[in-house]
Amino acid sequence: MHEPSSNIQSVLQENRLFPPFANWCSTAAVPNHDAYEELCAEANRDYEGFWARLARENLDWYQPFTQTLDESEAPFYKWFADGKLNASYNCLDRHVKAGNGNKVAIRFESDAGVVTILTYNDLLRRVSKTANALKSLGMVKGDRAIIYMPMSIEGICMMQACARLGVIHSVVFGGFSSKALNDRIVDIGAKLVITADEQTRGGKNLPLKSTVDEALTMGGCEAVEHVLVNRRTGGYDKMQEGRDVWLEPLVEKQLAKCEPTWVEAEHPLFVLYTSGSTGSPKGVQHSTGGYLMWATQTMKWTFDLRPNDVFWCTADIGWITGHTYITYGPLSAGATQIVFEGIPTYPDSGRFWKMIDDHGCTIFHTAPTAIRSLIKASEMDDKVHPKNYNLSTLRILGSVGEPINPEAWMWYYKNVGGSRCPILDTFWQTETGGNMIAPMPAAIALTPGSCTLPLPGIQAAIVDEAGHDVENGQGGLLVIKRPWPSMIRTVWNNPERYKSGYFPEELGGKYYLAGDGAVRHVDTSYFQIMGRIDDVLNVSGHRLGTMEIESACVSHPLVAEAAVVGKPDSVTGEAICVFIVLKRETPVGEEAKQIANEIRDWVRKEVGPIARPKEIRFGDNLPKTRSGKIMRRLLRSLAKGEEITSDISTLENPGILEQLKQSL
């Protein structure tokens, strides 16, 4: 077994350190820590030259750029602005022209387990025909299209086809409600909405086209000329004459060749909406050149991608992870990837492990929420434990979406990776475009629960509320001190919101504010993400990260998942409320009280008396979106005793709210 050494002490009292695996470091893209340091030094010596080199190495340019960074209108930065390229060309054509057209691009497995395999030749043909279909509907460079589709080959082809024409796409996750969809259609001024009749998820058919129909009746959608509909299930066929068009017959009659539209590097590739503190969605606008360069580079640096790898990111294309590490990054890097439709627990909770076994997956990238839920499933049913599957092809494991608890990290490491695969805990955001703080697997020693060090060129720091650097070991605000190519360019139609939200005057208007609290280890300078700034609790004047308390809870042998929120308290200002899912049946009555007290004492011991939860509630699950993300705003409302009146249409399990409401 690859055992950790014990010479670091993290903010979570974590003392396990896992050095890189010497047996394959020599062939890695960044083979050791010295190579990592040299890349960082190169960026410090010649910041613009460093990024220019990466842009030239990672992308094919139709018109080479001569200016790397334009800061004249900061914080509205421009990168490679006088260069021209096409994202779809870089993802498809260049691999075919290089003689790799017969390489498998996508191994798609449907919800029902049906596998479809596409080579780069196949994918280029499908994307070209799809782009010509969009052309036939009058779509041209600069037009906007909303994509509201299932996890499917068609969804990926649509994104690529839009990029091929210079059409700006905005993908909306298939679980969003008609009102949420309407908000996005209106804000971006969509000319085209692309959807499917239905989507299949966990053996159930769920509506899409009917939701689009409802959204378009809500007003403000006058710019929409057509709705393009993929016949996915055949379960819904209401079409409005003159507006709605079936996708398949339109694509079938198109030519299989479509010349790419060459666009400026700063041309918007997509706008992706994310939640804002005011409640209204923010349209995060990304460029073509800078975004695609970093999506490609991080495939090589973070995941150490090699020609024979089979890469699998389990995200949905409705989120930024699905954009960067499904639709764009793997294809631009020329990888073979697995794409799946469905959920990790259908037809049973061994699906992820079976798919790794079936497809020979070598790099597996998923979310801590999925890992924790599968820990519980394997504890309750030994048949779906990873040990029952051949996972020997794996060489790298990834974690994305939120900080991973140390105990979940260790389970993942031992039971999925067989104690031989590095775990890449990646910190990044919709706004950053790609990984920002993450361990290079051959260059950085790992510690459970830490995303370790920034990637070369990323000048991450922790500052106080006045923008001054804090010492290692002290918590503060996570910032990026210099612009980088894949960063958000603006908030669509709202530049002031971009400036005030990401470059606030309190920090001098010069640092990018990530919105997360963080701390660096005293000895290693490793970053520990403490959670969103509004998820840092203030209990009797003590600042406590929700992640720290959750990690303590999950390290208890009975606990599968935990989510921590604050609630007002007349004595301490804020009290700690924890929602718990156990590895066994949900307790009630006196047994629940007994286990709750045991967990309270455990947290007191692990973190300190001030972190002892005031309230613990048990449930069969936590409220999660269909992509597996915990909806903490609903937990905050439950903790405060508020009635939930906000939109819960994206919840996978709305019935859990009533259980958690009553489980006092």
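Which residues does K629 touch, not counting residues up to four places away in sequence? K629 touches G401, P623 and K624, where contact means heavy atoms within 4.5 Å. This is a predicted model, in which local features need pLDDT of at least 70 and side-chain atom pairs count only at pLDDT 80 or more, while totals for chains, interfaces and linings use all residues. Residues are numbered from 1 along each chain as its sequence is written, and side-chain values use heavy atoms, with hydrogens and water left out.

K629 lies in the loop between β30 and α18 (632-640); helices (H or I, at least four residues) and strands (E, at least two) are DSSP runs, numbered from the N terminus. UniProt lists K629, in an unreviewed entry, as "modified residue: N6-acetyllysine". UniProt positions are given in the numbering used here, feature names are shortened, and annotations may be inferred rather than shown by experiment. K629 has a relative accessible area of 51% and is therefore exposed; the term exposed means over 50%, buried means under 20%, and partly exposed is in between (1.4 Å probe, protein chains only).

Strand β30 (residues 615-618) is buried: E615 and R617 point one way, and I616 and F618 the other way. In a regular strand the side chains alternate between the two faces of the sheet. Strand β29 (residues 573-582) runs parallel to β30 and is joined to it by four bridges; two strands pair if DSSP finds at least two bridges between them. One of these links is between C577 and its bridge partner E615 in β30. From β29 the chain passes through helix α17 (residues 589-606) to reach β30, in a right-handed β-α-β crossover. Right-handed here means that, with the strands pointing away from the viewer, the path from the first strand over the helix to the second runs clockwise.

The next site also comes from an unreviewed UniProt entry, which places a "binding site" at V554, H556 and V559. V554 is in helix α16 (residues 546-554) and counts as buried because its relative accessibility is 7%. Leaving aside residues up to four places away in sequence, V554 touches N405, E407, V559, A560, E561 and A562. H556 is in the loop between α16 and β28 (559-569), and its relative accessible area of 2% means that H556 is buried. Beyond its neighbours within four places in sequence, H556 is in contact with E598, I599 and W602.

Helix α15 (residues 495-502) has the buried residues R497, Y498 and Y502. Seen down the axis of α15, these fall within an arc of 105 degrees (taken from the directions from the helix axis to the C-beta atoms), so they line one face of the helix. The face turned away from that buried side carries the exposed residues E496 and S500. The buried residues of α15 pack against β15 (282-287), β23 (490-491) and β24 (512-520).

A nonpolar core is a set of buried Ala, Val, Leu, Ile, Met, Phe, Trp, Tyr and Cys residues joined through side-chain atoms within 4.5 Å. The largest such core has 151 residues, of which W51, L134, W353 and F364 touch the most other members. Helix α6 (residues 153-165) gives the most to this core, with nine residues. A second, separate core of 25 residues includes I146, F173, V229 and W492.
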